[in-house]
Amino acid sequence: MWDDRSALADLQLDSRERVLDVGCGTGELSRVLASETPGEVVGVDADPDLLAVARDRAGVETVAGDALRLPFPDDSFDLVVCQALLINLPDPVAAVREFRRVSSDLVAAVEPDNAGVSVESTVESESDLAARARRAYLRGVETDVTLGGEGTREAFREAGLSDATTRRHYHTRTVEPPYADRDLHSARRKASGEGLADDRATLLAGDLSVAEYDDLRSDWREMGRAVVEQMSDGEYRRAEVVPFYVTVGSI
Ligand SMILES: C[S@@+](CC[C@H](N)C(=O)[O-])C[C@H]1O[C@@H](n2cnc3c(N)ncnc32)[C@H](O)[C@@H]1O
């Protein structure tokens, strides 16, 4: 995701002494932070299994903990940052307040706007079906997965941070030959409908009826079978673009 790191410029990574990555998961961002800053990087997450991966992959110190009650004293870090965490929280402002408590200087958040995702595919129906499923998901999901730049800046203001600025970063995920194992797995899940079934409760929590869900799933599986077929001929290509927004505010 961070081949191009220009959108991280406002984090001033080259002059940080102690950086906290909240909701670090497997350490995707921690790894980038560790390679860009001369300071120490600590990852915190609620899931100890993910932290073990982050320790191995990113080589950073990790601590198990809750983003809403960080296990650190006030002003312990000069940068507290998260990536794709606030969109998963029912009260992102409460989390940003907690980031502010443990930071002595900057707070940053890298959050997507999932309403702005686009998909291009060699399977003709995939782009429209992905948009149809996404619209239903956005109507049913309980947290704000469209926070992006504007929503995050608002959360920063409410949490008492000042001078919040945002830079946009497009993350493009491509699938093309030779296919990675995860891409083959994902294609099989489309063909079986499993992927969509995992989100059934969320899709039905919006205004999608059961009949409309069944209809979507049937079209989805047909699309998945076409993906699997094109993959077996080495002809399948897909590009998904997710807009991410890097917001930075001062204490
Ligand atoms: C979408 S993942 C993002 C992981 C990582 N930041 C990245 O960009 O790859 C969200 C992460 O937030 C963690 N998480 C969710 N709620 C949390 C909470 N209240 N406290 C700490 N971590 C939390 C999850 O365990 C998960 O690892």
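**Pockets, ligand and backbone**

Mentor: By class, the lining of the largest pocket holds 21 nonpolar, eight polar and twelve charged residues. Here Ala, Val, Leu, Ile, Met, Phe, Trp, Tyr, Cys and Pro count as nonpolar, Asp, Glu, Lys and Arg as charged, and the others, Gly among them, as polar.

Trainee: Anything to know before we go on?

Mentor: This is a predicted model, where local features need pLDDT of at least 70, side-chain atom pairs count only at pLDDT 80 or more, and totals for chains, interfaces and linings use all residues. Residues are numbered from 1 along each chain as its sequence is written, and side-chain values use heavy atoms, with hydrogens and water left out.

Trainee: What counts as a pocket?

Mentor: On a 1 Å grid over the protein atoms alone, a pocket is an open set of points where a 1.4 Å probe fits, with protein on both sides within 12 Å along at least five of seven lines; lining residues have an atom within 4 Å of a point.

Trainee: What volume does the largest pocket have?

Mentor: About 1600 Å³, taken as the space filled by probe spheres set on the grid points. Its lining has 41 residues, and Arg173, Ser186, Arg238, Glu240 and Val242 lie nearest the centre.

Trainee: Which element gives the largest share of that lining?

Mentor: α6, with seven residues. Helices (H or I, at least four residues) and strands (E, at least two) are DSSP runs, numbered from the N terminus.

Trainee: And where does the ligand sit?

Mentor: In the second largest pocket, meaning that more than half of its atoms lie within 2 Å of the pocket's grid points. That pocket has about 310 Å³ of space. Its lining has 21 residues, with Gly23, Cys24, Gly25, Asp45 and Gln83 nearest the centre. β1 (18–22), α1 (28–36) and β2 (40–45) each supply at least two of the lining residues.

Trainee: How many residues surround the ligand?

Mentor: 16, the closest being Gly23, Asp45, Asp66, Ala67 and Gln83; the cut-off is a heavy atom within 4 Å. This shell divides into seven nonpolar, five polar and four charged residues.

Trainee: What polar contacts are there?

Mentor: Counting pairs of N or O atoms within 3.5 Å, a polar side-chain atom of Asp45 is 2.7 Å from a ligand oxygen. A polar backbone atom of Gly23 lies 2.8 Å from a ligand nitrogen. The protein buries 74% of the 600 Å² that the ligand exposes when taken alone, by the Shrake-Rupley method with a 1.4 Å probe.

How values were computed:
A polar contact is a pair of N or O atoms within 3.5 Å; within protein, one must be able to donate a hydrogen and the other to accept it, and residues adjacent in sequence count only if both atoms are side-chain atoms.
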